[in-house]
Amino acid sequence: MRFSHRYVYLLMIAVVAIPIVFGFSTKPARMISAERMYSVVENVSIVEGDIALVWLDFGPNTIAENGAQAEVLLEHLFRRRIPVLLLSQYPLSEGLLKTIPRKVADKLNIEMPEQEWKYGESWINGGYKPGSGNYIQSLVASTDISTFLGRDVLGMPIEHYPAFAKITGVEKIKLVGEITGLTGVFDTIIQFFQKKGYRPTFVHGCTSITIPEAYIFLDSKQLHGLLEGIAGAAWYGELLQRSFPQSSHKNLLLTNTALGAAQIAIILLIVAGNVVSLYSWSKRRRD
Amino acid sequence: MTGIEHATPGIIVLLGLLSAVFCWSFYSVRAGRKFEIRKIPGIDAIEDAIGRSAEQGRAISFSTGLTDISPTLYACLGVLESITKTAAQYKLKLLVPQYSPEVMAVVEDTVRQAYRDVGKGSLFDPSTIKFLSSEQFAFASGYMGLIHREKPGAAFLFGAFAAESLILAEAGQQVGARQVAASVSPEQVAFFICTCEYTLIGEELFGASAYLSRDPVQVATVVAQDRVKLLFCVFILIGVVCATVGSWDSTLSWLNPVSLLFLSWGDVVTW
Amino acid sequence: MDSRTALIRSFTFLGGIYFFFHFIVPESALEVIGIKDAHPGISNGFIVIGAMAIGLGIINLVIGHGSHVVFKRRGWTFSAVLLVSLVSTLGVTTAQWIRNRAVSSELQRIYVIGEFSNRILSDASDVKNPKSFSPAGELPKLEFRVHALTKYVREVLGEVERASIEGHGDGSQESLTLREELHKNQILLAADLDRVETVSWENLSDSNKVLLERVSQHAGGYATAYSVIRRRDAEQGLIPQMYTVLYSGIFENLGAAMFALLGVYIAAAAFRAFRVRSMESTLMMVAALVVMLGQISFGKWIYEDMPALRQWLLEVPNSAVFRAIRFGAAVAGLMLAIRMWFSIESKTSSEGR
Amino acid sequence: MAQSELLSIILGGIGTIAIFSFLIKENYFYRIFEHMFIGVAAGIGPILVLRDFLWPQIVEPMLGYTITAYPDGTFSAEYQPLYFLYVFPMILGMLYYSMYSRKHAWLSKIAIGVSLGASGALAIRGFFAEVIPQIASSFKPILVWRDGGFQAVESVNNLLFVAILFLVLNYFFFTLGRTGSVQSRTASWGRPLLMVCFGAFFGSTVMARLALLVERVQFISRDWISAIINVTGGTF
């Protein structure tokens with residue numbers, strides 16, 4: 001009995017490793033909510049001085065899922081040349097606020113050497129903002145967000161960056177993205193990030209555990225687009241690749257394939273286990 | 001509805017009511033009224049597991065996981081105490097891996113006391129109360145190693161657990177220990193059920209020590225908590241009826257027992 | 001009940017009394033008696049008690065593994081590994097901490113500029129009850145304070161000038177913008193000083209107000225730019241590098257690896273437990289399968305509405321059961337809480353022998 | 001890439017493999033990293049408590065380090081002697097260490113007592129904070145009329161919700177019904193429902209756990225390997 005478990009362990013690792021190591025990737029499954037999200041991001045209308053706000057509220061524990069989501073969303077926004085303000089309500093994500101946009105920008109810079117994506121133009125990092133609900137309320141209420149935010153993580157005044165200098169009111173924030181695996185965080189955003197005559201486009205990336213929560217808002221049309229775990233990110237990547245053929249998301253597809261395979265493996269294991277026990281049971285019945 | 005920082009008049013009344021129930025149960029138990037506690041299926045599993053490791057002369061281990069100083073810990077200590085006493089009788093080695101230094105102090109105290117109570121104080125060896133780590137996964141790795149080296153015949157996992165629950169339970173499973181788990185974190189119970197001989201669910205953890213010890217005070221506590229729950233059940237029932245009426249005739253939608261609890265001092269005074 | 005028991009029990013009771021009253025007494029009343037503002041401080045006091053216990057863990061480890069090493073017991077080499085990494089981590093983290101404190105106390109000298117000029121303003125505009133405290137009782141004259149300020153600022157600017165000769169920062173884009181910002185504010189600040197020194201400070205005229213405000217503003221910009229540069233420097237050097245290796249290299253990676261074990265264990269658990277054995281195990285298996293199939297595309301092939309079914313399962317039955325469990329546990333917790341607080345025990349586990 | 005980062009990746013990779021080697025059997029390689037992990041964690045923890053709590057929140061105010069001295073000899077604020085009261089909890093906390101002395105071990109029970117008492121009283125507040133909102137949100141109309149119409153689906157769902165809630169609560173009564181009473185006979189009905197709930201929890205956790213496994217495999221097969229190549233110059 002115990003020995004067979006080693007086989008199970010081995011099987012799982014193999015199932016996960018083979019696609020990643022040998023680069024087998026299957027076409028991701030179509031995700032409606034991810035498709036909705038793609039189209040809203042594609043069609044959000046931006047004029048000079050408008051920005052997008054993206055909250056990265058995840059730490060090492062959910063980076064496997066949320067990291068990929070953050071990357072595809074940022075890539076899309078960067079490609080559309082929408083300036084992104086990055087904030088976080090979660091202390092453990094401070095490091096990621098630096099690395100993830102940098103990674104995406106580097107990718108694009110290699111892809112299109114003639115153009116440039118750089119800090120201060122394509123994105124700025126507002127850092128960790130404690131006080132969740134209260135903070136968001138006062139942010140929304142403030143009539144001059146650039147001054148309300150004060151300085152970025154480098155200690156630069158936000159006015160220092162032309163693209164972000166003139167965020168007079170919250171109305172300038174056309175799109176709000178929330179990437180998190182924490183429960184209750186997105187609720188606060190939906191609750192507080194609005195005021196009379198202003199509701200931005202909300203997009204959300206959630207982990208497979210928090211999908212149910214997110215669905216509630218999707219049904220009530222409060223949420224305009226959703227990335228469900230890796231699968232959602234993978235389909236989003238697929239869509240990006242369709243409109244920007246040179247953009248590749250090999251890793252993402254591999255991860256998605258590995259995950260799907262592993263999950264199917266578990267289901268098959270359950271089935272196999274039952275078949276075996278049923279067989280031995282019927283055998284016992286016969287003799 | 002946000003968390004409640006300060007008691008409203010309604011809550012104070014409710015608290016008074018609950019304390020009354022509490023006192024009543026203690027009084028009636030003291031007065032010698034007998035309450036039978038429904039058998040909690042897991043209990044046999046506990047005694048059985050200890051018995052087995054006694055036959056094989058293997059150690060037993062008891063972990064409170066990530067529990068900090070809290071009522072949950074208090075409940076676990078009740079169980080630990082009676083397990084320790086049994087272990088002392090059989091002269092079994094008892095391992096108690098620790099997560100929090102503060103809890104360690106409490107646990108060591110309880111275990112030492114339990115040994116003394118059965119007159120085996122000399123058997124108590126402080127080194128079996130091992131501090132592993134205050135970091136979730138460092139603790140888990142330490143526990144895995146410990147279990148595999150000491151190969152206990154029985155492993156008890158009582159208290160609050162998080163993602164590491166499965167790692168701990170799987171370790172016991174691998175060395176073929178008979179495991180009994182009890183968790184107040186429903187998310188983790190599923191993993192215990194898959195890997196342990198028996199799993200006490202949620203409140204059963206609180207009932208267990210009363211059942212094991214038959215100690216009047218603990219019995220009284222269980223009696224009290226049952227009565228309080230009954231009270232709340234009635235409360236919910238009323239609430240549901242009110243809500244239904246409210247939905248049928250929206251002019252009555254103000255009917256809501258809970259709203260009484262949220263009346264502020266100001267409202268009461270003006271009232 | 002002997003005196004020790006009595007003592008312990010009374011301490012236990014006293015330990016709870018504060019929080020109980022803080023809960024019972026309405027906020028307005030707390031405000032009146034001044035508890036409201038003191039509350040964070042007081043609860044910190046309680047946290048301190050627990051925080052003092054941190055040493056226990058280390059003592060336990062050192063005693064346990066130390067004896068292994070000393071008496072060369074079985075597996076003493078591993079104990080040695082543990083102790084070595086414990087000591088080195090303690091050393092490095094402490095060194096890192098001290099180092100950062102040194103940097104911030106250095107930066108404090110610059111932050112004072114802005115703070116002090118603001119303070120001069122606020123004190124001068126509200127002479128009745130000034131915020132600053134002077135051991136001499138009476139605050140010094142405005143003129144004197146401003147003079148002290150300018151003198152101080154010149155000193156500091158000099159220091160930083162000398163310090164930043166050892167070219168700070170890496171050549172990266174950020175550090176360039178930073179130095180630009182630093183330089184800009186330095187010039188502005190110097191200009192402000194000149195103007196400050198030319199005007200009279202007999203009393204606080206509006207033009208003077210504006211001047212001081214500008215000083216504090218530019219000092220602020222100057223301070224932040226410099227602080228970022230210094231912190232970036234502080235990230236160089238051996239200690240921070242060792243810290244990175246210990247923290248990101250060992251601590252984070254091993255944690256992630258442990259966490260990842262769950263990926264294989266969960267499969268083993270499912271394989272072992274989800275059998276059509278009893279009604280219970282069957283129900284559990286079916287629920288798990290529905291949820292799993294509901295979240296992968298594969299599921300839709302089996303049954304079109306699998307995701308919807310999953311959704312319903314999680315929203316209706318699951319949340320009801322979850323609530324019932326938490327609810328029961330909470331009530332039981334409350335009863336135990338009361339017992340804990342009043343240390344109600346039949347046999348005397350709170351007795352001091 | 002900085003030396004330290006490179007070293008971190010290499011060490012991290014070796015450590016990861018060591019942890020995974022446990023899946024075959026408990027072995028020396030694993031043991032080394034297990035002890036290293038515990039050692040490092042034990043070293044980081046206390047310093048964090050000291051650095052982020054004890055020093056800035058307790059010691060500094062106590063010693064008046066939070067007050068800035070201005071160039072003109074004045075101070076940002078007057079020293080608050082009340083902070084010195086923190087000495088008492090400190091002394092209380094020190095009592096924990098008496099557990100190492102045979103003679104005075106009982107003193108540690110005082111510190112334990114205070115913690116128990118405090119957490120007891122706090123739990124009373126916690127109870128109301130947790131339970132009241134839950135009760136409130138359990139008040140679901142079991143017959144739903146909205147905008148003039150009867151909502152069949154919602155009604156059924158609410159009815160189920162309430163029914164399940166009560167059935168499971170009933171399962172957790174221990175002393176209510178004497179054997180043979182209605183309660184004790186219906187008590188077991190809650191259990192199947194519990195199992196459904198746990199199954200669902202299990203299922204919804206699987207994906208997240210697997211994601212972590214994938215992350216590790218990627219770390220080994222990409223970052224770690226390339227770091228090794230980077231160091232050895234690809235000559236192996």
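This is a predicted model: local features need pLDDT of at least 70, side-chain atom pairs count only at pLDDT 80 or more; totals for chains, interfaces and linings use all residues.
Local features need pLDDT of at least 70, side-chain atom pairs count only at pLDDT 80 or more, and totals for chains, interfaces and linings use all residues. Side-chain values use heavy atoms, with hydrogens and water left out, residues are numbered from 1 along each chain as its sequence is written, and chains are lettered from A and ligands numbered from 1 in the order in which they are written.

**Chain D against chain C**

- Chain D brings 114 residues to the contact and chain C brings 120 residues, where contact means heavy atoms within 4.5 Å.
- About 10,600 Å² is buried between chain D and chain C, and carbon and sulfur atoms give 79% of this area. Buried area is the accessible area (1.4 Å probe) that two parts lose on being put together, summed over both.
- Four salt bridges are counted between chain D and chain C. A salt bridge is a side-chain nitrogen of Lys or Arg within 4 Å of a carboxyl oxygen of Asp or Glu.
- D:E60 forms a salt bridge with C:R101, and their closest N and O atoms are 3.2 Å apart.
- There are 17 residue pairs in polar contact between chain D and chain C, both residues at pLDDT 80 or more. A polar contact is a pair of N or O atoms within 3.5 Å; within protein, one must be able to donate a hydrogen and the other to accept it, and residues adjacent in sequence count only if both atoms are side-chain atoms.
- On the side of chain D that touches chain C, 74 residues are nonpolar, 28 polar and twelve charged. Ala, Val, Leu, Ile, Met, Phe, Trp, Tyr, Cys and Pro count as nonpolar, Asp, Glu, Lys and Arg as charged, and the others, Gly among them, as polar.

**Chain B against chain C**

- Here the contact takes 60 residues from chain B and 51 residues from chain C.
- The buried area between chain B and chain C is about 4,900 Å², with 76% from carbon and sulfur atoms.
- B:H6, B:Y74 and B:C194 supply 14% of the area that chain B buries against chain C, more than any other three residues.
- One salt bridge is found across the interface of chain B and chain C.
- B:E170 and C:R272 meet through their side chains in a salt bridge (2.9 Å, N to O).
- Nine residue pairs are in polar contact between chain B and chain C, both at pLDDT 80 or more.
- The side of chain B that touches chain C has 36 nonpolar, eleven polar and 13 charged residues.

**Salt bridges overall**

- Over all chains, the structure holds 37 salt bridges.
- In chain A, the side chains of A:R79 and A:E111 meet in a salt bridge (2.8 Å, N to O).
- A:E111 lies in helix α4 (residues 94-111) of chain A and A:R79 in helix α3 (residues 63-79) of chain A, so the pair ties together parts that are 32 residues apart in sequence. Helices (H or I, at least four residues) and strands (E, at least two) are DSSP runs, numbered from the N terminus.

**A nonpolar surface patch**

- C:I302, C:Y303, C:L309, C:W312, D:V156 and D:L160 form a nonpolar patch on the surface, with about 520 Å² of accessible area together.
- Patches are made of residues with over 30% relative accessible area and no salt bridge: like charges are joined within 9 Å, nonpolar side chains (Val, Leu, Ile, Met, Phe, Trp, Tyr) within 5 Å. Accessible areas come from the Shrake-Rupley method with a 1.4 Å probe; for residues, only the protein chains shown count as cover.
- D:V156 is found in helix α5 of chain D.
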